[in-house]
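Please read this short report alongside the structure. It moves from the whole protein to a few residues.

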Amino acid sequence: MRIPDPEPMPMISLASSPVSSLASSPAVPWSQAQVPVLEARSLTLDYPGPDGPARAVTDVSFRVASGERLVLLGPSGCGKSSILKALAGFLRPAGGAVEIRGKAISGPGPDRIVVFQEFDQLLPWKSVRDNVAFPLRVARKLGVKEARARAERALRRVGLGRALDAYPHTLSGGMKQRAAIARALAAEPDVLLMDEPFAALDALTRRTLQEDLLALAQEQGFTLVFVTHAIDEAVLLGTQLHLLAAHPGRTIATFDTSGLGLAERGTPPFEDVVRHVHDLLFADGARHV
């Protein structure tokens, strides 16, 4: 399903519809009254190559309202991370536009914080608390006392209250990711951007952090763009699901999954959606150019 531009984006509601009736599910229009926090319009992204620019993403459009959680889902090579880099301001569009609150994104900024997949995002010579406080002092110009107090509050929110004075080399992978999330939340960005942050974790830690992230999102209402290639994780974490085909990345469909969360995980409606998304992603047209 090609998303029209610049008209409001239609969304298929999966939250309460069995798979057998998805084709006739009513579209849910994106409200004209809502001002998007983030918007991509006909986004096209290229990377330089020996034979000229190589296209990574073509004609992708979406809107993210305040408090929404958009998940970009697709196979390796579909441009998920490239889109996130464009939203973060690290990659300039070859075509189309990316905007935050109606203004073109021209580079990185404190209104968008990225949490990457890699564990080693922390400065090894600083304690966990000082790792979280450091960007607050540099980017937000907070005093030492205020920065450390805000860092401590953020670390306690993610369950690291007992590790405030620990150093990164003493932490597990899951604890390092919690610290990275705390650092992002402490900065109070408009948008939290997460690039497969749980992909390298063991299954138990991954599930725990998924639950913790949902709890934090519901508590704080932050706006989230989350990249994953795991279908069940996408359905669980997202209120809006954007499916991408590979080579180059392009839109397959966009779904409203706001009615599916922790309470629905493992239930027939949840599993029906997972199977339906799986079928869309593994269709020949989604996997090949």
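This is a predicted model: local features need pLDDT of at least 70, side-chain atom pairs count only at pLDDT 80 or more; totals for chains, interfaces and linings use all residues.

Residues are numbered from 1 along each chain as its sequence is written, and side-chain values use heavy atoms, with hydrogens and water left out.

The protein has 8 helices and 11 strands. These are DSSP runs: helices are H or I with at least four residues, strands E with at least two, numbered from the N terminus. Buried residues (under 20% relative accessible area, 1.4 Å probe, protein chains only) make up 51% of the 289 residues. Contact means heavy atoms within 4.5 Å. Among contacts between residues at least 6 apart in sequence, 69% join residues at least 24 apart.

The structure holds 1 aromatic pair. Phe 198 and Phe 226 form this tilted pair. Ring centres must lie within 6.5 Å; planes under 30 degrees apart count as stacked, over 60 as edge-to-face and the rest as tilted. Phe 198 sits in the loop between strand 8 (191-195) and helix 5 (203-220), and Phe 226 in strand 9 (residues 223-228), so the pair ties together parts 28 residues apart in sequence. Both Phe 198 and Phe 226 are buried.

Arg 63 belongs to strand 3 (residues 54-64). Arg 63 is buried, at 14% relative accessible area. Its side chain makes a polar contact with that of Glu 39. Such a contact is a pair of N or O atoms within 3.5 Å, one able to donate a hydrogen and the other to accept it; residues adjacent in sequence count only if both atoms are side-chain atoms.

| Pair | Distance |
|---|---|
| Phe 198 and Phe 226 | 5.9 Å centre to centre |
| Arg 63 and Glu 39 | 2.9 Å polar contact |

Key
Rings of Phe, Tyr and Trp (its six-membered ring) pair if their centres lie within 6.5 Å; planes under 30 degrees apart count as stacked, over 60 as edge-to-face and the rest as tilted. Buried means under 20% relative accessible area, exposed over 50%, partly exposed in between (1.4 Å probe, protein chains only).
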